[in-house]
Amino acid sequence: MKLPPPFKLRMTEFLGPELDQFIEALSSESPVSIRINQYKYPFDIAFKSIPWTQTGYYLPARPLFTADPLLHGGGYYVQEASSMFLEQAILQALPEREGLNVLDLCAAPGGKSTHLASLFSNGLLVSNEVIKSRVTILAENIQKWGTGNVVVTNNDPKDFKEVKSFFDCIVVDAPCSGEGMFRKNQNAIGEWSEENVQLCAQRQKRILADIWPALKPGGILVYSTCTYSLEENEHNLAWVCDQYDAENVKLNLNPDWCVKETEYSKCIGYRFYPHKAEGEGFFLAVVRKKGGTQNEFKFPKKRGKTTLIPMDDKSGMFNEILNNFDQWKLYAKGEEVMAFPALKTREIEYLFDALDVNYAGVSIGQVTKKELRPDHALALFIGLNDKYFPEISVTKEDALKFLRKDDLVFSNAQDGWNRILYNGLGLGWVKKVGHRFNNYYPKEWRIRLAMDKLQ
Ligand SMILES: C[S@@+](CC[C@H](N)C(=O)[O-])C[C@H]1O[C@@H](n2cnc3c(N)ncnc32)[C@H](O)[C@@H]1O
């Protein structure tokens, strides 16, 4: 692997005699890892576990993930192992996580957000992505994960100045120069330059400055990058502690993890190097906003920007569709019905007013004069009462045909809406009308590979 000489020089300063091992590791295969969805994954797991998370595993080889229906059903997420260290930051810095408001500011495609959605299953996650074209894949991955406790937004970090002292936890997985991804993405090597490192570091400072007011006093900020440069990591961490009322939070490390603790200007951060820990290059640090743990956030007056209307379940149908119905609150937007976690409705209504919301809670479907037309997200939702809609369990081959949006015929389907299941995981809907079966898998999500490439 040909590395830019100034980058090599920088790494020599960090690593000294370990530089050769680092370069050798960059020429080896990247580990392949997944994080499973504990509410969905149907099998016992025999893979080697990733030691800093409860739900991450190394796979012995890279399968063709597209050809696994479990991935499309949100059974797991393919994620680089070092990034899952986020779990340690959350568990150690926030032992009480019930009912908290969390922001994942730079969220697409959704690796850390799906992790956070599980770690804060009784809270509310705002999963934000500034780049519009990337929000689509983020919302798709959130719907597949199916936890229902997430609001997906499309806002610039500076828009969060409005949402002052709202969040108990903010994760900034910042856009960076990507040095830690050189092994996985060789294009990043060609794009590397000293100037870009400086530009990234300045942009990260701007992002941190924009988002700091949105953090509650007593709340934590997790800052991470997938790069090694001091400017983008320790320098920015020290800058936050210096600039704001912030104290650095130290995490306990198990020496077997081979994570490197670094100290700069009395601030501690954590580095992953590929010749030490089994994962890609990564940096993470945690700070807490000083000023006590009191909730300073006050809901402002409604601006009425949103057209959301709280709705009763007059017919009792939704009570039957959702498990633990009392934990959800229904809202209508035109013919669309959605459900939000009942304990967070005020927060979600406020977010609709203050931000650009792309998706929230769980979309249940469209109520027309004739019927409820279930939303695709409902088929993937972990809170769906699986007795409500008839189900069709399919083989892997039929699951893949369904995910390709091919025409299918089922001998065991009932008239109307049927939920397609693969190993117990909902994949989507087919509607039987007479002898015809309409495949409602979303066109934009369908698998585009030919069937013979998938088997
Ligand atoms: C490292 S990636 C995030 C990966 C994501 N957290 C995950 O785990 O899947 C950084 C994200 O920041 C977004 N981004 C780019 N410029 C930004 C900016 N100026 N402010 C905030 N986010 C930005 C990128 O679009 C990208 O989605």
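I started with C258, which is partly exposed at a relative accessible area of 34%. For my own reference, buried is under 20% relative accessible area, exposed is over 50%, and partly exposed lies in between (1.4 Å probe, protein chains only). This is a predicted model, where local features need pLDDT of at least 70, side-chain atom pairs count only at pLDDT 80 or more, and totals for chains, interfaces and linings use all residues. Residues are numbered from 1 along each chain as its sequence is written, and side-chain values use heavy atoms, leaving out hydrogens and water.

Next I looked at C226, which is partly exposed too, at 21% relative accessibility.

Five strands form an open sheet in the order 14-15-16-18-19, with antiparallel pairing. Strands (E, at least two residues) and helices (H or I, at least four) are DSSP runs numbered from the N terminus, and two strands pair if DSSP finds at least two bridges between them. Strand 14 (309-311) and strand 19 (372-374) are at the edges with a single partner strand each, so one side of each has no neighbour in the sheet.

K333 has E336 of strand 16 as its bridge partner.

Finally, I found helix 11 (residues 345-354) packing on the sheet, in contact (heavy atoms within 4.5 Å) with strand 14, strand 15 and strand 16.

Notes:
Axes are lines fitted to C-alpha atoms, for helices over the stretch in contact, and angles run from 0 to 180 degrees between N-to-C directions.
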